Amino acid sequence: MEEVPHDCPGADSAQAGRGASCQGCPNQRLCASGAGAAPDPAIEEIKEKMKTVKHKILVLSGKGGVGKSTFSAHLAHGLAEDENTQIALLDIDICGPSIPKIMGLEGEQVHQSGSGWSPVYVEDNLGVMSVGFLLSSPDDAVIWRGPKKNGMIKQFLRDVDWGEVDYLIVDTPPGTSDEHLSVVQYLATAHIDGAVIITTPQEVSLQDVRKEINFCHKVKLPIIGVVENMSGFICPKCKVRKESQIFPPTTGGAEVMCQDLKVPLLGKVPLDPRIGKSCDKGQSFLVDAPDSPATSAYRSIIQSEYLGVEGVSVHTSVQIPTGLEGA
């Protein structure tokens, strides 16, 4: 995973891409191109486009394979259960777009009108956009350098005709690299409500999530909270309802980490094999397994005080303990 360098000056600094700590960073050229230069006119265009979007939520994870896209999809499904709420799901995982599969939209194509690209709709109130819709085959590899990824994200934010939207959920790739810097920079003046960070209980995942929290701190991205995914397993067919820890929380899991870093823990979603089946079929797990403990956990998170359907409460005072700066 590509990391934010020690003592990163930040993407908005005049020293961005030019400081001594920037040497060797994979984002050096991208940052340097914006430092001290005239603002990209697309930023104002995106700000204007985003005036019709009430809430903007980024879903982040430091490590791949922790269920970030699954969570993004089911957050969208859960919010869209209110027919009066309009949801948009934007997939900016350029090299690994899994949202079309998870949402049951494989093979769909993007259509262009006079007002821009039209999203692909799962329901009347749930629209989706992904680079996966632009590929001739789901097996095609996207082999792009940073500037082309940057241009694709700009186009998604500026040229997609979302219409009036209550929630825009942005599913991102793992890490703290080009895609993350681009979406934060382009939405800087359009107001991002915050980030939901996904982890699993084991220390190898939490280690990367601490870097993700540090990244949010560096780029002044508010943190809504952390979700611990794959948190324990209760066999749905066993007579004795005993919980097993598939990924043991050897250092206390997300709960202890959130206490240490003073960020909210939104909830814990247990493992359920039916989640994977629902994603493979492109269906909502919340509908397929309404009585699952995982469904209850999803609903509790969606309705929590930090991330509720009536509005988003954002934790902005991110505090990084001594020794974690630039981790």
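This is a predicted model: local features need pLDDT of at least 70, side-chain atom pairs count only at pLDDT 80 or more; totals for chains, interfaces and linings use all residues.
Local features require pLDDT of at least 70 and side-chain atom pairs pLDDT 80 or more, while totals for chains, interfaces and linings use all residues. Residues are numbered from 1 along each chain as its sequence is written, and side-chain values use heavy atoms, with hydrogens and water left out.

**Cysteine site**

An unreviewed UniProt entry places the feature "binding site" at Cys8, Cys22, Cys25 and Cys31; such annotations may be inferred rather than shown by experiment. These positions span 24 residues in sequence, yet no two of their C-alpha atoms are more than 10.8 Å apart, so they gather at one spot. Cys8 is found in the segment before helix H1 (28–34), and Cys22 lies in the segment before H1 as well. Helices here are DSSP runs (H or I, at least four residues), numbered from the N terminus. Cys8 is partly exposed at 21% relative accessibility, whereas Cys22 is buried at 5%. Buried means under 20% relative accessible area, exposed over 50%, and partly exposed in between (1.4 Å probe, protein chains only). Leaving aside neighbours within four places in sequence, Cys8 is in contact (heavy atoms within 4.5 Å) with Ser21 and Lys218.

**Aromatic rings**

The whole structure holds three aromatic pairs. Rings of Phe, Tyr and Trp (its six-membered ring) pair if their centres lie within 6.5 Å; planes under 30 degrees apart are stacked, over 60 edge-to-face and the rest tilted. Two of the pairs are listed below.

| Pair | Centre distance | Plane angle | Class |
|---|---|---|---|
| Phe71 and Tyr298 | 6.2 Å | 35° | tilted |
| Phe285 and Tyr298 | 6.4 Å | 70° | edge-to-face |

Ring pairs link Phe71, Phe285 and Tyr298 into a cluster. Phe71 lies in helix H3 (residues 68–80) and Tyr298 in helix H11 (residues 293–302), so their pair ties together parts 227 residues apart in sequence. Phe285, in helix H10 (residues 285–288), is 13 residues from Tyr298. Phe71 is buried, with a relative accessible area of 2%, and Tyr298 is buried, also with 2%. Phe285 is buried too.

**Helix crossing**

The axes of H5 (residues 146–159) and H6 (residues 178–186) come within 9 Å and cross at roughly 40°. Axes are lines fitted to C-alpha atoms over the stretch in contact, and angles run from 0 to 180 degrees between N-to-C directions. The crossing is right-handed, meaning that the near helix is turned clockwise from the far one by less than a right angle. Among the residues that meet are Ile153 and Leu157 in H5 and Val183 and Tyr186 in H6.

Conventions: Helices (H or I, at least four residues) and strands (E, at least two) are DSSP runs, numbered from the N terminus.
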